[in-house]
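Below are my notes on the two-chain model you sent.

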Amino acid sequence: MSLLTINNVKTFPKGGIHPADHKLSAGVPIKKLDPPAQVAIPLSQHIGAPATPVVEKREKVKVGQLIAKGNGFVSANIHATISGIVTKVDKVIDSTGYKRDAIIIKAGREGEEWADGIDLSDDLITEITLEREDIIKKIADAGIVGMGGATFPSHVKLSVPKGRTAEYLIINGVECEPYLTADHRLMLEKGAEIIVGARLLMRALGVEKAIIGIEKNKPDAIEKMAELTANEKGITVQPLKVQYPQGGEKQLIKAVLNREVPSGGLPIDVGVVVHNVGTAFAVYEAVQKNKPLVERVVTVTGKDVKNPSNFLVRIGTPVMQLIDAAGGIPEHTGKVVSGGPMMGKALNSLDVPVAKGTSGILLIPNEEAKRGEIKPCIRCTKCVQVCPMGLEPYLLMTLTQKEMYEEVEKEKTMDCIECGSCSFICPSDRPLLDYIRLGKRTVASLIRERNN
Amino acid sequence: MSTQFLTISPSPHIHSGESVNKLMYGVLIALAPALAVSFYVFGLGAVIVTLIAVLSCVFFEYILTKYLLHREPAITDGSAVITGVLLAFNVPSNLPWWIIIIGSLVAIGVGKISFGGLGNNPFNPALVGRVFLLISFPVQMTSWPLPLENAWQLADAATGATPLGLIKEGLSTGKPLSDLMQEVPSYVSLLLGNVGGSVGEVSALALIIGVIYMLWKKIITWHIPVAMLGTAFIFTGGLWLINPEKFADPVFHLLTGGLLLGAFFMATDYVTSPMTTKAMLIFGAGVGFITIVIREFGSYPEGVSFAILIMNGFVPLMNKYIKPKRFGVKKNG
C-alpha cells in the first residue's frame with residue numbers, strides 16, 4: 001500500500017480546527033531510558049478513587065510488584081516501577097499542580113529485580129488462551145488506564161453494562177494533538193503487539209469487529225497497520241482526515257461509524273468501545289507477557305528542544321530527567337506542559353513524576369507562553385463554528401460570568417469535551433474554555449445536589 | 001533556569017493567531033477594490049468623502065470611548081475605520097463635509113458607543129448614520145453625481161438619478177418598464193461601476209472581488225450573502241415573470257443599488273448578525289425579502305439599509321431561540 005492508495009478518508013462533520021501539527025519527533029525511534037535512581041509514584045494516576053498503599057515504609061520491592069491496590073471498581077492498581085526500598089509515602093506535586101500522595105521508591109544498589117512471572121523477552125505471543133473474564137481481570141490487575149491521557153480505568157470500560165452490547169472496538173491511533181508522536185511511534189514499532197492487544201480487547205468485549213482510526217498525517221503508520229491487519233479477520237484500518245479533536249471518543253466514533261453518542265451518554269450506548277493504541281499495547285503486555293503497567297512512551301518536544309524524542313520511561317520518573325535526556329531545557333522556556341498543547345496541563349514544577357497518562361512533555365518558549373490581552377467579543381461566530389459538540393462557547397462564557405447556571409445547564413455545557421478549539425480560535429483572546437470549565441463544575445455540583 | 005518563572009494557565013496552550021485587528025484589516029482589504037473604482041468613477045469627491053468619514057469616525061470613537069465609556073480607546077482595531085468607509089460608501093460623493101461629520105457622530109456615538117462600544121451595538125453603526133442622514137438631509141443625500149468625464153475635476157459634476165431611482169420615478173408616472181430600461185446604463189456598466197450612485201455601490205465586480213477575498217480568508221461565511229441575494233433574486237424573478245412591464249428583472253436588481261454592498265459588507269457585520277448558520281440564513285433571507293418589498297412597493301427606490309436595520313433588530317431573538325445542532329441530541333428529542 002502506497003501513499004496514493006489512502007482513500008475512503010473520513011472525518012467528523014461538525015466543527016474542528018487545524019492547528020499546525022509540529023510533529024518534530026515523528027521520525028525519532030522510541031528510546032528506552034535507564035531506570036531512575038528514585039521514583040515518586042502517585043496514588044492517583046487515574047479517574048476515580050486513589051489507590052490504597054499495600055507496602056510499608058522500608059519495604060523492599062521488585063519491579064512490577066503491586067504497591068497500591070485499586071480502591072473500589074473505578075480505580076486502578078499501582079505497581080513498583082523500579083526495584084529498591086520504599087522510603088516513604090509522601091505528598092508530591094503532580095501534574096494537577098497540587099501536592100498529592102505518592103509512594104517514593106529508592107533504587108537498590110544491586111541490579112534490577114523484576115517480580116516473578118513477568119516475561120521480559122521481545123518474543124511476540126499471538127495465541128490467545130484466556131477467556132473473557134480472565135482477560136478483564138488481568139487488565140485490572142495490571143492497573144491499565146486510558147493511555148491517551150484520559151486515564152479512565154480500562155477494565156471498567158470493558159465491563160459492558162447490562163442491557164448494552166458492544167458491536168465495535170475502535171482503536172484510537174488518531175493522536176490529533178500537535179507535537180505528540182508517542183502513539184505514532186508505538187504503531188510503527190509495536191504494531192504487531194497492538195494488533196494482539198486489539199484481539200484481546202475484542203475478546204474481552206465479545207465483539208467481532210475492530211477498526212483502527214489513524215489520521216492521514218501518519219501515512220507510514222496507516223501503511224504499517226494496514227499491512228499487519230491484511231490477514232486479520234474483523235480488524236480494519238480507517239484513514240482519517242487531519243482535524244482536531246478527532247481523537248476525542250465522540251468525534252472518532254462519529255468519523256468512523258457515523259454514530260452519535262447521545263448527549264450525556266457513553267460510547268457503549270451506540271455499541272462502541274474506544275481504546276487508545278497505547279492502551280492496546282499495555283493490554284498485550286499485561287495479558288500475554290504478564291507485565292503490569294510500569295512504563296510508557298512519552299514524547300519530549302518543543303520548538304527549541306535540542307533533540308525532540310520519544311522515550312520509554314518508568315512511571316514515577318521526574319519530568320526533568322526526560323527533559324535532560326532530550327538535550328536539556330532550552331533558554332527562554334516559558335511553560336512546560338504535560339500532554340499536548342491543546343489539552344495538556346501546565347506544570348508548576350519539573351519534579352512532577354511521569355504518570356500513566358503522561359503522553360508528552362512540551363516545552364513552550366516564553367513568547368508563546370502567555371496569552372493575549374482579552375478584548376471584547378465581536379460575535380464573529382468562530383467559536384460556534386469550531387465547537388465539535390454544537391455548543392455556543394461565547395454564550396456559555398457570558399452566562400457563567402453572570403452566574404446564570406440554570407441557563408448554562410440548559411445550553412448543554414455538560415456536553416463540552418474541553419478540547420479548547422473555542423479558545424484557540426477566538427480573535428479576541430477570550431478565555432472561553434476557562435469559564436466553561438468553571439460553569440461545568442458549578443453545574444455538576446448543582447446536579448449532584450438536586451439528585452441527593 | 002528557575003521553575004518559579006514558569007507560566008501556569010489552563011489549556012489550550014496555543015492560539016490560532018486569529019485577531020480582531022487581522023479580521024478588521026481583512027475587511028478593509030476586501031473593501032479596497034470597490035474604493036479604488038469609486039475614486040476612479042467619482043474622482044476627488046469620493047476621496048474627500050471617504051477621508052472625512054474615516055477620520056471623523058476614528059476621532060469620535062477615540063473621544064467618546066475615552067470620555068464617555070472611560071476606557072482605553074482601541075482605535076487601532078480597525079472597526080471605526082470600517083464604519084467610516086462603509087458610511088462613505090453609502091452617501092453620494094458630493095455630500096457636504098459637515099453632513100458627513102454629523103453622520104459619523106451618529107454612527108459612532110449613537111450607533112456604537114451608546115451601547116457600550118465594539119461588540120455591544122445591536123444595529124450596524126454605518127447604517128444608523130446613513131439612515132439618520134437620509135431622513136435629516138433627504139435632498140443632499142439623494143442628489144447623485146454621475147460618473148465623471150475627468151476623474152480629477154472637483155465640483156459641479158452633473159447629478160442624476162440612480163438606475164433604481166430612475167425606474168421608480170418613471171413607473172410612478174406610468175411609463176412602461178421596457179421604455180425606462182432604455183435609459184438605464186447597460187449591465188456591463190453596472191458590473192464595472194460606470195453608473196451614478198453612492199460612493200461604494202457602483203461596481204458590482206469590485207464588490208465581488210472583495211467578497212471572494214473575505215470568503216477565502218474565512219473572514220465571513222457564505223450564508224448571509226447567499227441567502228440574501230438568493231431571496232432577492234427569486235422574489236424579483238417571480239414578480240418579473242408575473243409582469244415584466246412593471247417589475248424589473250432579477251439581474252438588474254442584483255447589480256443596482258446597494259444590494260451587493262449590503263449583502264457582502266453590511267449584513268455580514270459580525271456584531272449585528274446572528275451567531276448560528278441557521279439563523280444567518282433566515283437573517284439573510286429576511287434582509288433580501290424586505291429590501292425587495294421596499295424597492296417594489298415602498299416609496300423609497302432603495303431599501304437595503306432599512307432591511308438590514310430591521311433584521312438587526314431580530315438578531316438577539318434569533319440568537320436566543322435558534323440553536324446550533326447539538327452533538328448527540330436528536331431533533332425534537
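**Notes on the predicted model**

1. Domain 1 and domain 2 of chain A have C-alpha centres that lie 27 Å apart. The model is a predicted one, so please read every value here as computed from it. The contact between these two domains draws on 15 residues from domain 1 of chain A and 15 residues from domain 2 of chain A. On the domain 1 side of that contact, the classes are seven nonpolar, six polar and two charged residues. As for bounds, domain 1 of chain A is made of two segments, 1-34 and 120-370, while domain 2 of chain A covers 382-451.

2. Confidence in chain A. The mean pLDDT of chain A is 93, and 99% of its residues score at least 70. Among the elements of this chain, helix α8 (residues 366-369) has the lowest mean, 89. The highest, 97, belongs to helix α12 (residues 421-425) of chain A.

3. Overall form of chain A. Chain A holds 13 helices and 17 strands. Its radius of gyration is 22 Å, close to the 22 Å given by the globule rule for 452 residues, so chain A is as compact as a globular protein of that length. The C-alpha trace of chain A spans about 65 × 50 × 45 Å along its principal axes. Of the 452 residues in chain A, 54% count as buried. For contacts in chain A between residues at least 6 apart in sequence, 73% join residues at least 24 apart.

4. A three-stranded sheet in chain A. This open sheet has the order β3-β5-β6, with antiparallel pairing. Which strands stand at the edges? They are β3 (52-53) and β6 (78-79) of chain A; each has a single partner strand, so one side of each is left without a neighbour in the sheet. Strand β3(A) is joined to β5 (residues 66-69) of chain A by two bridges, and the two strands run antiparallel. Within this pairing, T52(A) has K69(A) in β5(A) as its bridge partner.

5. Overall form of chain B. Chain B has 15 helices and two strands. A compact globule of 333 residues would have a radius of gyration near 20 Å, and the 21 Å of chain B agrees with that. Along its principal axes, the C-alpha trace of chain B spans about 80 × 55 × 30 Å. Buried residues make up 49% of the 333 in chain B. Of the contacts in chain B with a separation of 6 or more, 73% are between residues 24 or more positions apart.

6. The contact between the chains. How many residues of chain B are in contact with chain A? There are 31, and they meet 56 residues of chain A. The chain B side of this contact divides into 15 nonpolar, twelve polar and four charged residues.

7. A loop residue in chain B. G298(B) sits in the loop between α14 (277-297) and α15 (304-321) of chain B. Apart from its neighbours within four places in sequence, G298(B) is in contact with V293(B) and G303(B). The C-alpha atoms of G298(B) and T276(B) are separated by 31 Å, with the two residues 22 apart along the chain.

How values were computed: Residues are numbered from 1 along each chain as its sequence is written. Chains are lettered from A and ligands numbered from 1 in the order in which they are written. This is a predicted model: local features need pLDDT of at least 70, side-chain atom pairs count only at pLDDT 80 or more; totals for chains, interfaces and linings use all residues. Domain bounds come from an automatic or database domain assignment. Two residues are in contact if their C-beta atoms, placed from the backbone, lie within 7 Å. Ala, Val, Leu, Ile, Met, Phe, Trp, Tyr, Cys and Pro count as nonpolar, Asp, Glu, Lys and Arg as charged, and the others, Gly among them, as polar. Two strands pair if DSSP finds at least two bridges between them. Helices (H or I, at least four residues) and strands (E, at least two) are DSSP runs, numbered from the N terminus. The radius of gyration is taken over C-alpha atoms; the globule rule is 2.2 Å times the number of residues to the power 0.38. A residue is buried if 20 or more other C-beta atoms lie within 10 Å of its own, exposed if 12 or fewer, and partly exposed in between; C-beta atoms are placed from the backbone. pLDDT is the predictor's confidence in each residue, from 0 to 100.
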